[in-house]
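The sequence and the model are shown first, and the description follows.

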Amino acid sequence: MPSFDEVLKEAGEFGRFQKRVFFLLSQTGITFSSLFASVVFLGRAPESFWCRIPGAVELSERCGWTLAEERNFTVLPLLGGNGSLSGACDRPDVTWDTSASCASPLAAYGNHSWGSLPLAPCRGSWVYEQPHASIVSEYDLVCGNAWMLDLSQAILNLGFLAGAFILGYAADRYGRIPIYLLSCLGVGISGIIVAFSPNFTVFLIFRFLQGMFGKGTWMTCYVIVTEIVGSDQRIVGIVIQIFFTLGILILPGIAYLIPTWQGIQLAISLPNFLFLLYYWVVPESPRWLLTRKKGEKALKIMRNIAKHNGKFLSPHYSEITISNEEVSNPSFLDLVRTPQMRRNTLILMYAWFTSALIYQGLVMRLGIIGGNLYLDFFISGAVELPAAFLIIVTIDRLGRRLPFATSNIVASVACLITAFLPEDIPWLKTTLATLGRLSITIAFEVVYLVNSELYPTTLRNFGVSLCSSLCDLGGIIAPFLLFRLAAIWLELPLIIFSILAAVCGLLVLLLPETKGISLPETVEDVEQL
């Protein structure tokens, strides 16, 4: 009986069938990256808002004022008399006389000294020029509530974390395709509910669920793509990252064309329903079927692959050899029970955490400089495109470890030099920070590939999902680490990033090289790498 890799080589390791499946599943990267970075546009700070003073609504309705006129008559005169007021978070502790003159409402108060008025915090009385432009204006996430915007992104990352554990486990137990389709349905439904959430609590609950299902779509499609190609073609695991970057490039265009946050939310959520059509065109992973002792189904799929690739499997193949390893439901202990698996798991978990923390930290740091939000976001995404091409050029020549380690070391050096450059050469600081972003993007993309190559088929989806959950932990910590440390010294976060990347660059050299090696089928295969 032939092995799976022998049958795959005869059926075609990357023929027409695999190319079609690869292209279809890669679209998931566009929707996932849009969800991943959507908070930048969903949570845009309102251009103008102010606190409405009690009585102003009634007076405005009686006088027939527009919002601009209401502000000019009831807010700006009071601000002019009190230089310490901004009119956004605090207001004069007064109540407008609803019978005051529409032409000169201040006349009713005589010669009152507005500068001596006591102040009161604004509580739920904010007025926005564009009330539905972002979730900030929709749910009053301003002033004392501004921290809730950070909470919304943390909740999304918690959803990613939950999805890595729950759906990663489910995909190894129940199959790749069922969990992928379930996740696509979940992302679409929860995304619609997020768009029409009546309050911020409902928004957070379904934002969490969308993150959980979103992680399920991305990790499962990645594993399927790497499992249906030959060992020499697993570079597709890097190419699929280009579609993630493509989503980053498309997102600012969507946000520019759609003026409301609900419209943006629907635009990034509804396409997930189209992926349900893959039920009829994307088969279950034959590698996974073999681990579940379903050799006949796996062979049937392999014959279909061969047919689409213009190949022909020998009719003497009655079944494919499968490992004698007992099929069991995966657990964390399986990832650390043996020496090589334990070493790989711990190093990969640290690599995921470091890559995500530095990646998101550098993205947010570039955003601090201000400028055109749409253009700056597009340019920062375009910086990632060379990463995939650099990996494609080097990874099959130099292997996995050297580019993995080098990218981390370059990121470390770039961050360290940037931290100590003087402020009077901003172009050089920005260039080096961009080099750090490019390097950590390379590391981020390589860890996907290496992670999937270092786990056996029985544990691959669970192992990738569990290790990548540290990526979500890094995403939760990144904003707090960046802004808290930057408050002490603006460049302090860069020094922390430099240390983390340097340690990661050294640790990944301890991983086994997987260039040109068949995907391991059992834990024993991993121990022999």
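Which residues does T28 touch, not counting residues up to four places away in sequence?

## Basis of the model

The structure is a predicted model, in which local features need pLDDT of at least 70 and side-chain atom pairs count only at pLDDT 80 or more, while totals for chains, interfaces and linings use all residues. Residues are numbered from 1 along each chain as its sequence is written, and side-chain values use heavy atoms, with hydrogens and water left out.

## The chain as a whole

The chain holds 24 helices and four strands. Helices (H or I, at least four residues) and strands (E, at least two) are DSSP runs, numbered from the N terminus. Of its 529 residues, 55% count as buried. Here, buried means under 20% relative accessible area, exposed means over 50%, and partly exposed lies in between, with a 1.4 Å probe and protein chains only.

Among the contacts in the chain with a separation of 6 or more, 83% join residues 24 or more positions apart; a contact means heavy atoms within 4.5 Å. The chain exposes about 21,900 Å², and carbon and sulfur atoms supply 65% of that area. Accessible areas come from the Shrake-Rupley method with a 1.4 Å probe, and for residues only the protein chains shown count as cover.

## T28 in helix α2

T28 belongs to helix α2, which covers residues 16-37. Because its relative accessible area is 0%, T28 is buried. Not counting residues up to four places away in sequence, T28 touches Y180, T217, W218, C221 and F275.

Helix α10 runs over residues 200-227 and has 28 residues. From its first C-alpha to its last α10 reaches 41 Å, close to the 40 Å expected at 1.5 Å a residue; the expected span is 1.5 Å times one less than the number of residues. The helix is mostly covered, with 22 of its 28 residues buried. At its N-terminal end, α10 is capped by N199, where a side-chain oxygen lies 3.2 Å from the backbone nitrogen of T201. A polar contact is a pair of N or O atoms within 3.5 Å; within protein, one must be able to donate a hydrogen and the other to accept it, and residues adjacent in sequence count only if both atoms are side-chain atoms.

Helix α11 (residues 236-257) packs with α10 at an angle of about 145 degrees, and their axes are 9 Å apart. W218, C221, Y222, V225 and T226 of α10 make the contact with V236, G237, I240, Q241 and F244 of α11. Axes are lines fitted to C-alpha atoms, for helices over the stretch in contact, and angles run from 0 to 180 degrees between N-to-C directions.

F14 lies in the loop between α1 (4-11) and α2. F14 counts as partly exposed because its relative accessibility is 24%. Leaving aside neighbours within four places in sequence, F14 is in contact with K19, F22, V229, Q233 and V236. F14 and I305 are 291 residues apart in sequence, yet their C-alpha atoms are 9.9 Å apart in space.

## Loops with positive phi

Two loop residues other than glycine have a positive phi value. D140, with phi near 55 degrees, lies in the loop between α7 (135-138) and α8 (147-174). K293, with phi near 60 degrees, lies in the loop between α14 (286-291) and α15 (295-308). K293 is partly exposed, with a relative accessible area of 45%.

G436 lies in helix α21 (residues 426-453) and is buried, with a relative accessible area of 1%. Not counting residues up to four places away in sequence, G436 touches L362, A411 and A414. In helix α23 (residues 492-507), the end C-alpha atoms are 23 Å apart, which agrees with the 22 Å that 16 residues should span at 1.5 Å a residue. Buried residues of α23 include P493, F497 and C504.

A120 is part of strand β3 (residues 119-121) and counts as buried at 11% relative accessibility. Leaving aside neighbours within four places in sequence, A120 is in contact with D90, R91 and D93. Between A120 and D90, which are 30 residues apart in sequence, the C-alpha to C-alpha distance is 5.7 Å.
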